[in-house]
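Welcome! Open the sequence and the 3D view side by side, and let's walk through this protein together.

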Amino acid sequence: MSLPTGLSRHLRGLSRLSAVANSATALALAAPDQLLVVGIAAASSPATVRECPLPPDSAIGALAFDAVLPGLLFAATREGSVHAFNTRGRVADSSAAPRPRKAGCAYL
């Protein structure tokens, strides 16, 4: 089995995994400086990869998806703070052309 191009490109950037969590439709992977959410909903469609913006100096030690709202991801740092992310959020496209907002990961 080969990884989708977008996923393998992102995984090369991960140095060491510090936490992993999964829901029915997504897999979250955390490294000291990066947080990725991989959409794995349908076997027939390609996996989607979203990079979540981490606050500065956030060493993620644990991840968990909310049991009721699986689009909500909690990330606990080793310092004891907890951050929440909307993994099904919509973010503006960086291009100047008016386009619909694309799926992204928003820090709450």
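## The nonpolar core

Let's start inside. The largest nonpolar core has 15 residues, and Leu35, Leu63, Leu73 and Phe85 touch the most other members. A nonpolar core here is a set of buried Ala, Val, Leu, Ile, Met, Phe, Trp, Tyr and Cys residues joined through side-chain atoms within 4.5 Å. Buried means under 20% relative accessible area, exposed means over 50%, and partly exposed lies in between (1.4 Å probe, protein chains only). Two or more residues of this core come from each of strand 1 (19-22), strand 2 (26-31), strand 3 (34-39), strand 5 (60-65) and strand 6 (72-77). Strands (E, at least two residues) are DSSP runs, numbered from the N terminus. In soluble globular proteins, nonpolar side chains tend to be buried together.

Before going further, a word on the model: it is predicted, local features need pLDDT of at least 70, side-chain atom pairs count only at pLDDT 80 or more, and totals for chains, interfaces and linings use all residues. Residues are numbered from 1 along each chain as its sequence is written, and side-chain values use heavy atoms, with hydrogens and water left out.

## Phe85 and its contacts

Now find Phe85. Leaving aside neighbours within four places in sequence, Phe85 is in contact (heavy atoms within 4.5 Å) with Leu35, Cys52, Pro53, Leu54, Gly71, Leu72, Leu73, Ala75, Cys105, Ala106, Tyr107 and Leu108.

## The disulfide

Which cysteines form a disulfide? They are Cys52 and Cys105, with sulfur atoms 2.0 Å apart; a disulfide is a pair of cysteine sulfur atoms within 2.5 Å. This pair links distant parts of the chain, as Cys52 sits in strand 4 (residues 48-52) and Cys105 in strand 8 (residues 102-107), 53 residues apart. The structure holds one disulfide.

The torsion about the S-S bond of Cys52 and Cys105 is about 90 degrees, so the disulfide is right-handed. Cys52 counts as buried because its relative accessibility is 4%, and Cys105 counts as buried at 7%.

Two strands pair if DSSP finds at least two bridges between them.

Strand 1 and strand 2 run antiparallel and are joined by four bridges. Here Val20 stands opposite Leu29 in strand 2. The loop between strand 1 and strand 2 holds Ser23. Ser23 has a relative accessible area of 15%, so Ser23 is buried. Not counting residues up to four places away in sequence, Ser23 touches Phe65 and Pro70.
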